[in-house]
Amino acid sequence: MWQSSFWQSSFWKNLVRWFHKWTSPKWFYNLSRPLGAWIGWLALLILVVSLVWGLAFAPIERLQGNSYRIIFIHVPAAFLSQAIYAAIAALGLIGLVWRIKLAFYLAKQSVPIGASMAFLALVTGAIWGKPTWGAWWVWDARLTSMLVLLFLYLGLWALHNAMERPESGDRAAAILALVGVVNLPIIKFSVEWWNTLHQPATLKFTEAPPMHISMLIPFLLAILGFYLAAVAWALKRTRLEILQRERRTQWARDELDRLGGNV
Amino acid sequence: MFAFDSLADFFAMGRHGLYVWTAYGFAAAVVIYNQLSPYLMQRRMVADHRRRQRREQGTQPASSSGVTPS
């Protein structure tokens with residue numbers, strides 16, 4: 001009784017209508033433009049504040065000296081590379097199950113962003129490892145599983161570009177992304193399951209962070225800034241993916257004219 | 001509060017200047033890549049779009065003006 005009235009309620013119907021609108025590529029295209037611009041500027045502001053704070057104003061660390069300042073980019077990049085991967089896998093599943101094209105487009109265009117974050121996490125980790133551990137690289141569980149993540153990203157991109165029909169690439173990449181999800185818990189728990197040089201997580205939901213507040217604030221802000229920047233980039237790239245796929249429709253042609261400056 | 005005694009101190013980062021600034025340099029490069037690559041993508045798409053349009057106009061007999069489609 002309650003259930004059937006719920007499914008017929010105007011609340012539910014409006015929710016469904018809103019969902020369908022949002023997952024329509026054209027609607028998303030128009031709405032994400034102002035949204036992306038706002039998020040982008042906010043990201044820039046937060047990134048500048050947090051990184052200047054981390055570089056110049058956060059106090060020096062007792063044991064590691066100034067090399068610890070790499071944490072303000074290393075950890076956000078590592079966070080993002082894993083969060084974006086999880087998002088790609090979730091979007092792939094949504095695309096496969098509900099056949100929502102927009103989910104595939106978002107997933108595809110998130111790949112280069114996630115790959116660049118995995119690359120940045122690995123490079124800054126190597127640079128940080130040298131003065132801290134005395135080695136650029138060791139084949140330990142955390143570092144190796146992060147390298148696997150980068151290769152997964154490269155594999156996803158290669159799959160998208162290998163297929164003649166982009167729809168086949170979408171599906172193939174979604175399946176690879178779902179299989180590769182196995183790597184995420186390995187990255188997360190690698191520092192606990194195996195003996196590793198890598199220090200355990202700085203942030204845990206269950207404990208107070210071991211960082212002083214003067215380091216913690218710019219650290220959290222940097223994570224937020226990277227997140228927002230990634231969202232803004234993903235929106236921009238996805239809009240272009242929509243235009244590319246719908247390039248034969250009239251609205252996409254008009255939009256390409258507008259972007260080309262001859263309206 | 002500025003964590004360093006002088007600006008030279010700030011650039012030196014103790015003995016770790018090279019490491020810290022290289023890491024931040026890579027971060028800047030990644031940000032610039034992510035910011036610029038969509039615009040390059042967009043430029044390519046607009047160019048493709050114009051080429052397509054010229055080709056379509058070229059095939060219409062009414063507007064054929066002797067220009068060879070590229």
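Predicted model: local features only at pLDDT ≥ 70, side-chain atom pairs only at ≥ 80, totals over all residues.
Trainee: What makes R253(A) and E56(B) a salt bridge?

Mentor: The closest N and O atoms of R253(A) and E56(B) are 3.2 Å apart, and since the rule asks for a side-chain nitrogen of Lys or Arg within 4 Å of a carboxyl oxygen of Asp or Glu, the pair qualifies; across the interface of chain A and chain B the rule finds one salt bridge.

Trainee: Which helix gives the most to the side of chain A that touches chain B?

Mentor: That is α5(A), with 12 residues, and by class this side of chain A has 23 nonpolar, 11 polar and eight charged residues.

Trainee: How do you know whether F10(B) and F2(B) are buried or partly exposed?

Mentor: F10(B) has 11% relative accessibility and counts as buried, because buried means under 20%, whereas F2(B), at 30%, lies between that cut-off and the 50% above which a residue is exposed, so F2(B) is partly exposed.

Trainee: What links these rings to others?

Mentor: Ring pairs join F57(A), F2(B), F4(B), F10(B), F11(B) and W21(B) into a cluster.

Terms used: Residues numbered from 1 in each chain as written. Chains lettered and ligands numbered in written order. Heavy atoms only, no water. Helix = DSSP H or I, 4+ residues; strand = E, 2+ residues; numbered from the N terminus. Nonpolar A, V, L, I, M, F, W, Y, C, P; charged D, E, K, R; others polar. Buried < 20%, exposed > 50% of the residue type's maximum accessible area, 1.4 Å probe, protein only. Phe/Tyr/Trp six-rings, centres within 6.5 Å; stacked < 30°, edge-to-face > 60°.
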